Amino acid sequence: MEVSVLVGSQWGDEGKGKVVDILSSRFNIVVRYQGGANAGHTIEIEDKKFVLHLIPSGILRDDVICVIGNGVVIDPKALLDEIELLESYNIKVKGRLLISRNAHLIMPYHKTLDSINESGNSKIGTTGRGIGPCYIDKYARKGIKISDLENKPLLEEKIRTNLEEKNQLFTRIYNQDAIDVEAILKEYLEYDKLIGQYIADVPSYLYNAIEEGKSILLEGAQGALLDVDHGTYPYVTSSNPTSGGACTGSGIPPTKITSVIGIVKAYTTRVGLGPFPTELDGDEGEMLRKTGAEYGATTGRPRRCGWYDAFLMNYSRMINGIQRVAITKLDVLSYMDEIKICVGYEIDGQRLSYFPTDVELLSKAKPVYEVMPGWKTDISKVKYFSDLPVNAQNYLGFIAEKSGFEISIVSVGPKREQTIEL
Ligand code: GDP
Ligand code: IMO
Ligand code: MG
């Protein structure tokens, strides 16, 4: 019986979708535990490319059951669009998708508030999907849950109460038009017909599955450094992508987790604002972005690109309890003559002994690099570790040693078959 948590180890977009798709051939159930449609998890199979935002990346394996846990915030329209898209490819969703009654719903006013927040001075560079405002309402105990869809009088009352307050904000503070309550009611009072069939008591379903010896993969969204508690706050998302979030966001207790797998990009990227010590600017950054096709899967924004950061990765390994990792996008580095690896930070000439999540400090941190020779060979068709060029093997060995992890998968391209299992 395996219950594994898969976490993004950096700032998101590490290739979680691809690796979940690979691993889910060995799991019965895949569970998303946090975030929402801010995520964009890409899976490429033959000539088809799927970008999943809410539905777990196990959905492309016919015999896998997919679960959306209580920790996820669900935009019902985005969910239904995703179901429709999958079904248009003859991928069966009905009977294979369960949604926790306790997951919260993203409402149209959450997206409006997200965009208002982003227009001011405290911009984060969010995805605009209403994530932060929805989690605010959840923790303020004003949120609307998936289970409310099944109780129309209560749903109507909650929407009216919320909108009374939000409309005061929109009209009096933000000088905007009020939101039309009736239009939202009309839309949301219909969702039970379309979503009701997926609603389930997820903790007891997962408990029974574990009792029956089924294996479960918990799919994190975003990445450890975007974690609201452990990331580069305030330039973070509003949930806990780190492995601890897998328990609170699904209802699986910590005693049942058997392993934590980190997904690690062979270099570093970040979308949105916030410090990024190993960032490459100018032509070097542009070349890496172009070669790695580093454009957001959800928003299409260009991703900021930089060198692999082993110092950051050590922190990520520590807070997540990562035991083994999948390294992705190694093929992207094949054009480089030399590759830099950050092995530590200095501030004012002093070497740091810990990773500073405080943005003031992190902005001042100067990376300390070691340099390795590149391999300058196309590796995108390599199937075995021993067939990788020696310099590529050495690069992997070096980052594993400096980051303190063991590598179990190396990905050398976006497709399923471009995967080396160690
Ligand atoms: P996620 O959010 O962690 O699932 O990652 P994204 O899907 O946002 O971004 C990863 C991108 O890299 C996607 O376009 C993937 O198809 C692609 N990708 C994944 N693994 C590899 C790889 O090993 N090599 C290359 N070249 N692309 C990859
Ligand atoms: P996946 O799961 C990369 C970033 C946004 C922004 C910050 C807050 O595909 O790896 P939010 O909309 O969550 O309030 O934005 O978090 N962000 C991501 N960056 N990958 C993601 O998801 C992200 N989801 C959010 O760019 O900086
Ligand atoms: Mg992504």
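Me: What should I know before I start reading residue numbers and values?

Reply: Residues are numbered from 1 along each chain as its sequence is written, and chains are lettered from A and ligands numbered from 1 in the order in which they are written. This is a predicted model in which local features need pLDDT of at least 70 and side-chain atom pairs count only at pLDDT 80 or more, while totals for chains, interfaces and linings use all residues, and side-chain values use heavy atoms, with hydrogens and water left out.

Me: Which domains does the assignment give?

Reply: Domain bounds come from an automatic or database domain assignment. Here the assignment gives domain 1 (3-100 + 199-261), domain 2 (104-194) and domain 3 (264-311 + 328-421). Taken over C-alpha atoms, the centres of domain 2 and domain 3 are 38 Å apart.

Me: How do I read the area buried between domain 2 and domain 3?

Reply: The size of an interface is often given as the accessible area lost when the parts come together. Buried area is what two parts lose in accessible area (1.4 Å probe) on being put together, summed over both. Between domain 2 and domain 3 this comes to about 410 Å², with carbon and sulfur atoms giving 51%. Gly125, Thr127 and Arg129 supply 64% of the area that domain 2 buries against domain 3, more than any other three residues.

Me: How many residues of domain 2 are in contact with domain 3, and which kinds of residue are they?

Reply: Contact means heavy atoms within 4.5 Å, and on this basis six residues of domain 2 are in contact with five residues of domain 3. A polar contact is a pair of N or O atoms within 3.5 Å; within protein, one must be able to donate a hydrogen and the other to accept it, and residues adjacent in sequence count only if both atoms are side-chain atoms. Four residue pairs (both at pLDDT 80 or more) are in polar contact across this interface. On the side of domain 2 that touches domain 3, the residues divide into one nonpolar, three polar and two charged; Ala, Val, Leu, Ile, Met, Phe, Trp, Tyr, Cys and Pro count as nonpolar, Asp, Glu, Lys and Arg as charged, and the others, Gly among them, as polar.

Me: Is Lys16 buried or exposed?

Reply: Buried means under 20% relative accessible area, exposed over 50%, and partly exposed in between (1.4 Å probe, protein chains only). Lys16 has 3% relative accessibility and therefore counts as buried. Lys16 lies in helix H1 (residues 16-23), where helices (H or I, at least four residues) and strands (E, at least two) are DSSP runs, numbered from the N terminus. Its side chain makes a polar contact of 2.8 Å with the side chain of Glu14 and reaches the backbone oxygen of Gln222 at 3.0 Å.

Me: What does Lys329 pair with?

Reply: Lys329 forms a salt bridge with Glu294, the closest N and O atoms being 3.0 Å apart. Salt bridges that share partners join Asp13, Lys265, Glu294, Arg303 and Lys329 into one network. Glu294 has a relative accessible area of 0%, so Glu294 is buried.

Note on methods:
Salt bridge = Lys/Arg side-chain N within 4 Å of Asp/Glu carboxyl O.
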